[in-house]
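User: I'm new to reading protein models, and I'd like to learn how to look at ring-shaped side chains. Could you walk me through them?

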Amino acid sequence: MKSEPESRLEKGVDVKFSIEDLKAQPKQTACWDGVRNYQFTNGLCSGQCLHTSLGVLAKARNFLRAMQLGQEAFFYHSNCKEPGIAGLVKIVKEAYPDHTQFEKNNPHYDPSSKEDNPKWSMVDVQFVRMMKRYITLAELKTHYQAHKTTGGPLKNMALFTRQRLSIQPLTREEFDFILSLEEKEPS
């Protein structure tokens, strides 16, 4: 699950939300709103929550809607100096209508969405833990490139094979490999 850790104004509203912001929330829980992508791809949610059973041609919104209570996901910092995986979160409330789609002053407002048939959903996530070390996009890419030739776990990682979305699934093998990187020195 991808979010921006640095301040950026969108329609006059700061859309910054880092893992530290999540930790500061009551019960370290917040809604994951603003997913507005209909592009086809897949990639960076936990293998425990979303993986190959969804197929490879789904949408970020549909990945979000498929998340189940208790499933884990990586909290990925994007659009920053050094993108990467900062920590783990778990789903504590399954998909429900994203209220921001109906708020005219919200950057995620969608005038085409109707309250009786909302287009967009959100889930609630809770902080689980920080990664033992920050896993950078550059490090993931190095492993992906090596695995393409050796057949390693990241050989088909959607983060690199398709356009990136804010919600992206991983296979269990990809998820476990990334977790194992915490115990190793950066490559």
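User: Which ring does the charged end of lysine 93 sit over?

Analyst: To read this feature, look for a charged side-chain end placed above the face of a ring. In this predicted model, the charged end of lysine 93 sits over the ring of tyrosine 96, at 4.0 Å from its centre. Arginine 61 gives another case: its charged end lies over the ring of tryptophan 120, 6.0 Å from the centre.

User: Thanks! How many aromatic pairs does the structure hold?

Analyst: There are five aromatic pairs. One of them joins phenylalanine 17 and tryptophan 32, with 6.5 Å from centre to centre and 85 degrees between the planes. Planes over 60 degrees apart count as edge-to-face, so this pair is edge-to-face. Phenylalanine 17 is in the loop between β3 and α1, while tryptophan 32 belongs to strand β4, and the two are 15 residues apart.

User: What kind of pair do phenylalanine 17 and phenylalanine 75 form?

Analyst: That one is tilted, with centres 6.3 Å apart and 35 degrees between the planes. Phenylalanine 75 lies in strand β7, so the pair ties together parts that are 58 residues apart in sequence. Phenylalanine 75 is buried too, like phenylalanine 17.

User: Which residues form one aromatic cluster?

Analyst: Phe17, Trp32 and Phe75 make up that cluster.

Technical notes:
Residues are numbered from 1 along each chain as its sequence is written. This is a predicted model: local features need pLDDT of at least 70, side-chain atom pairs count only at pLDDT 80 or more; totals for chains, interfaces and linings use all residues. Side-chain values use heavy atoms; hydrogens and water are left out. Rings of Phe, Tyr and Trp (its six-membered ring) pair if their centres lie within 6.5 Å; planes under 30 degrees apart count as stacked, over 60 as edge-to-face and the rest as tilted. Helices (H or I, at least four residues) and strands (E, at least two) are DSSP runs, numbered from the N terminus. Buried means under 20% relative accessible area, exposed over 50%, partly exposed in between (1.4 Å probe, protein chains only). A charge sits over a ring if NZ of Lys or CZ of Arg is within 6 Å of the ring centre and within 35 degrees of the ring normal.
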